[in-house]
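Subject: Structure handover

Hi,

Here is the structure we talked about, with the sequence. My notes on it follow below.

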Amino acid sequence: MESTNQQVKDLVIVGGGPAGLTAAIYAQRSLLDAVTLEQEAFGGQTILTSEIDNYPGLPHTDGYTLSEAMRSQATDLGADVRMGQVTGIAHDGASGLFSLSTPDGDLVTKSVILAGGATPRRAGFQGEEKFASHGVSYCATCDGMFYRGKRVFVVGGGNSAAEEALFLTRFANEVILIVRKDHLRAQAAVARELEANEKITIRYLTSIFSLDGGELPSSITFRNNETGETTVETYDEGSFGVFVFVGRVPASQLVKDLVDVDPSGYIMTDERMATRTAGLFAAGDVRKTPLRQIVTAAADGAIAANSAAAFLGRPVEG
């Protein structure tokens with residue numbers, strides 16, 4: 001890997017969400033020569049969340065406010081945090097260096113933290129993007145409490161959809177599971193629990209065709225996947241919500257040849273966020289983890305930065 005006449009960074013952090021920004025803070029505290037690159041908006045998926053009540057110390061905030069606070073804290077400490085797209089990551093086994101391709105040229109670095117996150121897979125119905133975070137949600141843990149006493153529709157037939165539907169019964173008066181096939185893909189034990197729950201109704205061979213309304217949805221059109229027939233249900237605006245659980249897409253393609261992934265594409269790491277390639281770490285929603293929340297992403301970022309600093313022989317200060 002050619003590095004002549006090019007400064008070699010200690011660390012490049014790919015992704016400016018909670019994991020990446022926390023990593024930037026911890027890297028700066030260790031005085032690493034690091035840069036954090038975010039290709040869309042600082043905060044990642046967090047910035048799309050209109051209400052956040054479960055981040056410790058900051059109740060009743062929103063995604064933009066929290067994301068901006070994280071970014072400002074990092075830059076106030078002197079971290080180099082900038083907009084930039086990484087289109088490729090290569091590793092030279094002989095030198096141990098990484099080369100990151102960007103539209104502005106290559107970056108050469110001794111270590112990398114991949115914190116690009118994972119985006120919820122869209123169901124594809126009309127109005128889904130319009131009402132995202134305003135009637136359409138992709139996280140029951142994040143948004144379930146905002147539907148206390150209301151009706152919710154849950155899209156999906158796998159384990160995630162089933163488990164989230166059960167979770168939502170803690171808040172909603174009625175949970176309607178929308179399953180496009182004639183059966184659930186969830187494990188038998190979970191399916192039995194769904195069927196036994198009085199708050200849950202399952203509609204098989206059904207898809208959401210469209211969602212309509214003003215600032216919040218007020219009508220929902222369903223399609224029978226067997227006959228093609230559509231039906232419209234109308235409710236008071238804001239009296240119901242739609243939760244979509246049809247999978248997530250992790251941003252692991254950049255390093256697919258350098259890491260191990262699970263069947264869904266999530267990066268496998270050890271407890272120090274290390275991958276199978278020395279010097280390459282993963283943090284946040286892009287890695288295989290039992291819980292994907294802002295607080296866990298931030299914790300991953302802190303651990304990854306500490307691990308990168310230790311890898312470079314410069315542990316993060318307390």
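Strands β6 (residues 98-102) and β7 (residues 105-109) pair in the antiparallel sense, over 5 bridges. F98 stands opposite T109 in β7. Pairing here takes at least two DSSP bridges between two strands. Strands are DSSP runs (E, at least two residues), as are helices (H or I, at least four), and both are numbered from the N terminus. β6 and β7 belong to an open sheet of 4 strands, in the order β1-β7-β6-β5, with mixed pairing. β1 (8-9) and β5 (88-91) are the edge strands; each has a single partner, so one side of each lacks a neighbour in the sheet.

Before going on, the ground rules. The model is predicted, so local features need pLDDT of at least 70 and side-chain atom pairs count only at pLDDT 80 or more, while totals for chains, interfaces and linings use all residues. Residues are numbered from 1 along each chain as its sequence is written, and side-chain values use heavy atoms, with hydrogens and water left out.

K9 is in strand β1. Is K9 buried or exposed? K9 counts as buried, at 11% relative accessibility. The cut-offs: buried is under 20% relative accessible area, exposed is over 50%, partly exposed is in between (1.4 Å probe, protein chains only). Not counting residues up to four places away in sequence, K9 touches D33, V35, D80, V108, T109 and K110. Contact means heavy atoms within 4.5 Å.

Now the cores. A nonpolar core is a set of buried Ala, Val, Leu, Ile, Met, Phe, Trp, Tyr and Cys residues joined through side-chain atoms within 4.5 Å. The largest has 31 residues, and L11, Y55, V81 and I113 touch the most other members. The elements that give it two or more residues are β2 (11-14), α1 (18-29), α2 (63-76) and α6 (294-311). α6 supplies the largest share, 7 residues. A second, separate core has 24 residues, among them A161, L184, V190 and I200. Back to Y55: leaving aside neighbours within four places in sequence, Y55 is in contact with L66, M70, I294, V295 and A298.

Next, a right-handed β-α-β unit, made by β12, helix α5 (residues 188-196) and β13. Right-handed means that, with the strands pointing away from the viewer, the path from the first strand over the helix to the second runs clockwise. β12 (residues 174-178) and β13 pair in the parallel sense over 4 bridges. The bridge partner of I178 in β13 is R203. Side chains alternate along β13 (residues 200-203).

In α5, V190, A191 and L194 are buried. Seen down the helix axis, the buried residues of α5 fall within an arc of 100°, so they line one face. That arc is taken from the directions from the helix axis to the C-beta atoms. An α-helix has 3.6 residues a turn, so residues three or four places apart point the same way. The face of α5 turned away from the buried side carries exposed R192 and A196. Cover for the buried residues of α5 includes α4 (159-168), β12 and β13.

There is 1 disulfide (a pair of cysteine sulfur atoms within 2.5 Å). C139 and C142 form it, with their sulfur atoms 2.2 Å apart. The link is right-handed, with 70° about the S-S bond. C139 is buried at 17% relative accessible area; C142 is partly exposed at 24%.

Some loop residues to look at. S252 is in the loop between β18 (248-250) and β19 (280-282). S252 is buried, at 5% relative accessibility. Neighbours within four places in sequence aside, S252 is in contact with L114, V261, G265, I267 and V286.

Most residues other than glycine have a negative phi. L31 has a positive phi, near 60°. L31 is in the loop between α1 and β3 (34-38) and is exposed, with a relative accessible area of 58%. S133 also has a positive phi, near 70°. The place of S133 is the loop between β9 (118-120) and β10 (136-137), and S133 is partly exposed at 25%.

Best wishes
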